[in-house]
Amino acid sequence: MYNPEVAGNHQLKDITERLNSSFDIGIIAYIFNKSRIYILSFFILSGIGVFLYLRYSQAIYESQAVLQINDGNKADNILKLDNMGAPDNVLAEAIEQIRSKVFLKRVVEKLDISVNYYSEGTFKNNELYHFSPYFIKINSKTPFGNGQQIYVELNERLTGGVIRIGKRVEKFVINEWLKLNEFDINIYLNPKHTPGQIKAVLKESKAFYFTVSDIDAVTANLQNKLIVKLLNESAKTILIKVPDVNAEKSTDIVNAIIEEYLTYDVERKSESSKNILAFIDGQLSSVYESLKATEGQLHTFKKEKNFNDKDIMLNSELIRYTSVEDQLLKVEMEEKIISEIQTNISKNKGIDIYQLISLISGTEYENSIKDVTQSIQKLLLEKENLLYLVTPNSEQIKQINYQIEIQRKLLIESLDAIRLKYKTKYKNLLEKSSDFKQKLNQNPDDEVEFSRLNRLYAISEKYYTMLLEKKTEFSISKASYVSKNVILERAQGPGSKVSPNRKNSFLIALLASVLLSVGLIFIRYLFHDKIYTLNDITKYSSGNVALLGIVPKYANKIPVSQLIVDKNPKAMISEAFRTIRTNLNFIDNSEGPKIISITSTISGEGKTFVAINIAGILAFTGKKVVIIDLDMRKPKIHRGFGVTNHIGMSTILTNSTTVDECFNDSPMDNLKFITAGPPPPNPSELILDKKLDEVIAYLKTKFDYVVIDNAPVGLVTDGIATIQKADYPIYVFRAAYSKKMFTQILDKLKNESNIKNLAVVLNDVDISKRIYSYNYGYGYGYGYGYGSGYYTEDEGRKGSKNKS
């Protein structure tokens, strides 16, 4: 019997063999032909899907601009100011600045795109942007939920209307503030549209609404979709793209980004000059007060002591003494500055590098620590740029902080060395000053005091003049900061449509249809377990099986009797049975009556049809033939010949009737048949009883051929006994119906049941299909071609199936 577990293993083995062997073109062509409706459906559904996608998907538009990045300040170069803030890679810096949320937030605030206006459609909503029939001014009292839709309905006169917030409805008047718990709102008409245009827009859509989003959320959304990339490194150009659902909005955003960046660049680059000028202004005020006080003291002293400058200056010793005192005061002042710087650096970890530069500017030790200050400046700028990208606790920031700390310690050590040097110099000058004091004769104290005041005045005046010069230089530098970046290409007109792409959509749909079709054919090919040719039977059965031939699909409607060969002897199907009749002689051509026992694996494979027509074609030769129906569970012989089934083999085997009483005449003179009779409760026991052997022996005395229609052996074992006794045991398969795993029954019958001369007939073969043009085995395809003019059957083969 048919074993599902073994059959499953057989099918798995078949799939593996298919993957490892070359593809069978005939089977593929057959599967393609059977799958045409599915393949056509794939293409139709893909086409409909593309149409719906193009029709109802949200369009995306994209605008772009090109910006050339140039760095440097001409005034700094002319004045020879140190450009310590210049980055190593201005292009990378510019790209990251444009991508940063700090900069993009300025763009969002400038354009005021946190409020979006929409029209509601049946399948999709459209953003109106500047084409909205109304605009709003809103003062929020509570945070807005991003994406909250607030509907606006204008009346026909355009004097007011209602707004819907959820289920709540509020009336409003155009150009008047409406105060609500959540916000205050002023709705006004689009000033660029006439009332007629606004009414036309209102008729085009069924509803209008707006949403208010948080500026940070809008900035984050813009940052996610913004595309900034290097266009040409040599030309220092970058490309800026912004995709958006509204074409005009995309253009406005791109142009706002490039314009705002020019302003941002000027503000950023002038920041250092601004800080230095603020420090200089503070110092000027302090030095001016000191200079004014010293000048007053000097004037009072000269008046009280009745001093004459010329008399004092005539004394060469006093001149030298004054010179020493000047140097002493200068050293004292510079040593004091160094001390203040050290104290500031030691107390504060952060270093105000701009203040440090202004303090050391013009001093003797400026060049000594210039390298250290430049290194610190560079590290601080690098840290500032990194903070746009990473958090303050990241490893990169920690590493830069570590390097800054090393440079800070190096700066303190350098200042210690300079300060020690000035202390030594101060000590030497102090000794010289004491020597000069001893040499002076008249009123030395008054002269010394006069020299001191005169020296303080000169130093303060010099320092004040130096600060004025520095202020002038940095003011010129700040005023000359004009962005050197150049807008090479602005976004012109509405953005171009980038999605959905019509051409790409159709290509993807076509490719998807092809892939689905190929996949379907491939899967059906792998799981293709039907028998189509005699070659399939020989391939999947392990033993040598005689192949009697094929029975082609009948073109016309099969009569009720299922006897075909007598209706049209010249038909192709009649010739097929003649071939089977001829091939029977190759199995056994001995004299005497013969038993032909026919079975199949399951019902519906056409064993009854084959049994009746083999009997009929044998009767054509003048031989006496009888058909007996031993398929007692599902008898069909009586239906084929249109008779009753009141008596038959079951009544014969139970001795209820005799054999002669159960004979039925067929349309052919030499052909008789015995039906199965009423279904018995124990068909297997009846068939295995010796009574059947007596019946068959009796029939062999009266007929040349006894044709037995057995039950399917794949379901029950009733027919195995008669097949073992048969001279011509025939196993029927049906093309495109019987499974390849059924061939295991053949092997079992030959090996386990020891059935000799087992032969195979392949029924219901549609030889018009290309798959059947391949080898059928043993040359049994001859005579089945078209065009010979012998057969009278129509060539259009839409016929019914040859099934029991």
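In this predicted model, strand β8 is joined to strand β9 (residues 183-189) by three bridges, and the two strands run antiparallel. Within that pairing, Lys179 stands opposite Asp184 in β9.

**The three-strand sheet**

- The β8 and β9 strands belong to an open sheet of three strands, whose order is β4-β9-β8 and whose pairing is antiparallel.
- The edges of this sheet are taken by β4 (134-140) and β8 (177-179), and because each has a single partner strand, one side of each is left without a neighbour in the sheet.
- From one strand to the next, the twist of this sheet averages 20°.

**The six-strand sheet**

- A further open sheet consists of six strands in the order β3-β2-β10-β5-β6-β7, again with antiparallel pairing.
- Its edge strands are β3 (125-127) and β7 (168-173), each of which pairs on one side only.
- The twist in this sheet averages 30° from one strand to the next.
- Strand β6 (residues 160-165) pairs with β7 in the antiparallel sense over six bridges, and Gly161 stands opposite Phe172 in β7.

**Strand β10 and its two partners**

- On one side of the pairing, strand β2 (residues 115-120) is joined to β10 by six bridges, the two running antiparallel, with Ser119 standing opposite Phe208 in β10.
- Strand β5 (residues 150-154) also pairs with β10 in the antiparallel sense, here over two bridges, and the bridge partner of Ile150 in β10 is Phe210.
- Strand β10 (residues 207-212) is itself mostly covered, since six of its six residues are buried.
- In a regular strand, side chains alternate between the two faces of the sheet.
- In β10, Ala207, Tyr209 and Thr211 point one way while Phe208, Phe210 and Val212 point the other way, and all of them are buried.

**Helix α9**

- Helix α9 (residues 247-269) has 23 residues and reaches 34 Å from its first C-alpha to its last, which is close to the 33 Å expected at 1.5 Å a residue.
- The N-terminal end of α9 is capped by Asn246, a side-chain oxygen of which lies 3.1 Å from the backbone nitrogen of Glu248.
- An α-helix has 3.6 residues a turn, so residues three or four places apart point the same way.

Methods: Residues are numbered from 1 along each chain as its sequence is written. This is a predicted model: local features need pLDDT of at least 70, side-chain atom pairs count only at pLDDT 80 or more; totals for chains, interfaces and linings use all residues. Side-chain values use heavy atoms; hydrogens and water are left out. Buried means under 20% relative accessible area, exposed over 50%, partly exposed in between (1.4 Å probe, protein chains only). Helices (H or I, at least four residues) and strands (E, at least two) are DSSP runs, numbered from the N terminus. Two strands pair if DSSP finds at least two bridges between them. The expected span of a helix is 1.5 Å times one less than its number of residues. A polar contact is a pair of N or O atoms within 3.5 Å; within protein, one must be able to donate a hydrogen and the other to accept it, and residues adjacent in sequence count only if both atoms are side-chain atoms. Axes are lines fitted to C-alpha atoms, for helices over the stretch in contact, and angles run from 0 to 180 degrees between N-to-C directions.
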